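Good morning, colleagues. Please look at the sequence and the structure on the screen while I describe them.

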Amino acid sequence: MPPLVSCLALCLALCSATVNSLTSGEPSPSARNAFRDRCLVFEPQRLVEYSQRMVVEYVTNGTILQFPDNAASCSRPSQLVLANMCRVALYIATSDRSGFTFELWLPDAWSQSRFVATGNGGVDGCIKYEDLAYTAANGFAAMGTNNGHNGTTGVPFLNNPDVIQDFSYRALHTGTVAGKLLAEKYYEKPPAHSYYIGCSLGGRMGIKAAEAFPDDFDGIVAGSPAVDFLHLQGERAMFYPITGPAGSADFIRPELWTGLIHDEVLRQCDCLDGVKDGIIEVPSRCHFVPERLLCRPSGYQELSNRRNCLNSAQIKQLNSIYAPYTAPDGSLIFPRMNPGNELEAVKKFFAGAPFSYSEDWFRYVVLNESKWDAINYNYTLAKMADDQNPFGIRTFPKALPAFKARGGKIIGFHGGQDNQITSFNTERFWDRMAKEDHGLHDYYRFFRISGMFHCNSGPGAWVLGQGGGAAAKGIPFEPGQNVLAAMVAWVENGQAPESLTGTKFVNDTVSKGVDFQRHHCLYPKVQTYIGGNHKRASNWRCL
């Protein structure tokens with residue numbers, strides 16, 4: 001027992017906390033004092049090998065934590081905390097030249113002894129403090145790491161495979177093992193259930209955990225997963241050589257993407273579902289024909305950047321951009337882009353500059369050439385990256401037999417107008433696994449979220465409780481409206497979700513109220529409009 005804390009007093013306080021929580025859901029003041037005292041004498045660095053203590057502090061509900069050591073590029077200088085908790089921050093070394101920052105938030109009100117690990121994004125080394133706050137507020141002991149480096153660039157990968165190994169799998173796994181150990185020591189009992197939640201790179205991290213460490217998590221929420229990671233980097237890299245630098249000959253200006261092209265995509269595809277609402281409900285039905293934007297008459301075809309048409313070279317660009325990415329022999333590298341994503345995709349894919357994540361991967365990992373120019377990307381580099389596959393980062397399994405055998409569950413989701421990772425790749429991934437396992441729905445359920453951009457936002461009903469953004473606070477932590485709650489219900493009560501209900505707030509502002517909701521279908525079922533007010537969820541069916 002830690003010094004200065006009476007065993008009898010602590011026991012009585014915790015018993016009081018139990019009784020109090022049964023009636024009010026919150027520990028009593030005396031119990032909070034006991035939790036605080038326990039936190040202040042906790043010594044996690046003595047329990048986790050190769051760790052250095054950074055912070056151990058008791059934090060009260062409503063505190064705004066500051067993170068002065070966090071890289072500015074992560075854009076997370078502070079975080080509002082919505083629970084009384086013990087915050088533990090460590091640095092855990094993984095070799096003599098690598099390691100990661102580790103955060104564990106231990107709420108006083110530990111709901112049903114649940115543990116959750118959170119993921120990262122891009123090629124980032126950024127802890128998602130908003131996800132820690134969100135899950136801790138819902139009673140989870142919540143863990144996150146910076147995935148082996150600090151900041152949003154891949155520079156630390158250069159000539160250091162140890163950092164790449166942390167990024168590929170080691171930081172999450174090592175952090176999960178440490179987080180569970182510390183939670184058990186702090187609460188004096190092990191977590192009853194362990195969960196994971198992440199999107200984009202974080203979605204890939206969840207699938208990789210199920211593949212490589214099937215005992216780490218009972219339930220995994222894997223949103224918009226960056227599976228087939230290396231070919232994804234190739235697909236992202238190929239846009240820049242197609243568009244050329246900003247201002248170059250035939251460059252398509254941003255306003256043409258957000259106006260002319262996006263409007264034409266919607267004109268061709270928005271009403272395929274029977275409703276004109278800015279949402280392409282079933283993207284696979286949309287096959288955009290750029291030629292309808294070609295300048296007429298023929299004498300004007302080579303004029304570029306007209307307000308209402310494009311020249312022939314620009315049309316050629318669009319045909320390449322909207323097509324599947326294939327090698328010269330016709331073999332698929334990556335599926336085609338989601339139509340309807342133009343409003344956000346133009347900010348990175350079509351901005352006349354390299355997409356930073358893919359540029360960094362090829363520059364600092366594949367080629368180890370810090371001065372490599374992304375305009376020189378070609379398809380052979382996608383094969384080179386795939387052949388290297390450092391530490392199995394590709395993450396494209398055909399089956400997850402060990403995870404299935406131990407009763408693990410996965411809920412996947414992907415936005416139909418994703419602007420960074422096409423949802424067609426997640427469909428391809430699920431279909432590929434379903435060929436190997438005809439009972440895939442028994443443990444892996446995938447939902448297409450119509451009208452959602454990358455992980456969040458968009459014209460559709462995209463709020464699912466998928467992370468700690470402001471919109472998540474607008475919906476209850478219940479299986480019907482919250483994907484993490486749905487995962488808990490499946491793991492702990494055997495309630496497999498048949499749909500995910502998404503919410504769209506007016507102007508994406510919770511205080512303005514709900515605009516509409518939609519019951520997103522269990523793949524491969526298709527959302528089908530049956531008539532009436534299209535904003536009523538009851539006027540759609542999963543068929």
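Predicted model: local features only at pLDDT ≥ 70, side-chain atom pairs only at ≥ 80, totals over all residues.

**The sheet and its surroundings**

I begin with the open sheet, in which nine strands follow the order β1-β4-β5-β7-β6-β8-β9-β12-β13, with mixed pairing. Its edge strands are β1, residues 51-59, and β13, residues 444-449, each of which pairs on one side only. On average, neighbouring strands of this sheet are turned by 15° against each other, with direction ignored.

Two helices deserve attention here. Helix α5, residues 201-212, packs on the sheet and touches β8 (193-199), β9 (219-223), β12 (409-415) and β13. The direction of α5 makes about 145° with that of β8. Helix α15, residues 483-493, lies across β6 (114-118), β8, β9, β12 and β13. Relative to β12, α15 runs at about 155°.

Within the sheet, let me turn to one pair of strands. Strand β5, residues 98-107, pairs with β4 in the antiparallel sense, over 10 bridges. As for individual positions, A89 stands opposite E103 in β5.

Which residues make the nonpolar surface patch of about 240 Å²? They are I64, L80 and L82. Of these, L82 is placed in the loop between β3, residues 78-80, and β4, residues 85-95. Is L82 buried, partly exposed or exposed? With a relative accessible area of 34%, L82 is partly exposed. A patch residue needs over 30% relative accessible area, and L82 therefore passes that cut-off with its 34%.

Key:
Residues numbered from 1 in each chain as written. Heavy atoms only, no water. Patch = residues over 30% accessible without salt bridge, like charges linked within 9 Å, V, L, I, M, F, W, Y side chains within 5 Å. Areas by Shrake-Rupley, 256 points an atom, 1.4 Å probe, with all protein chains shown as cover. Salt bridge = Lys/Arg side-chain N within 4 Å of Asp/Glu carboxyl O. Helix = DSSP H or I, 4+ residues; strand = E, 2+ residues; numbered from the N terminus. Buried < 20%, exposed > 50% of the residue type's maximum accessible area, 1.4 Å probe, protein only. Pairing = 2+ DSSP bridges. Axes fitted to C-alpha atoms, helices over the stretch in contact; angles between N-to-C directions. Contact = heavy atoms within 4.5 Å.
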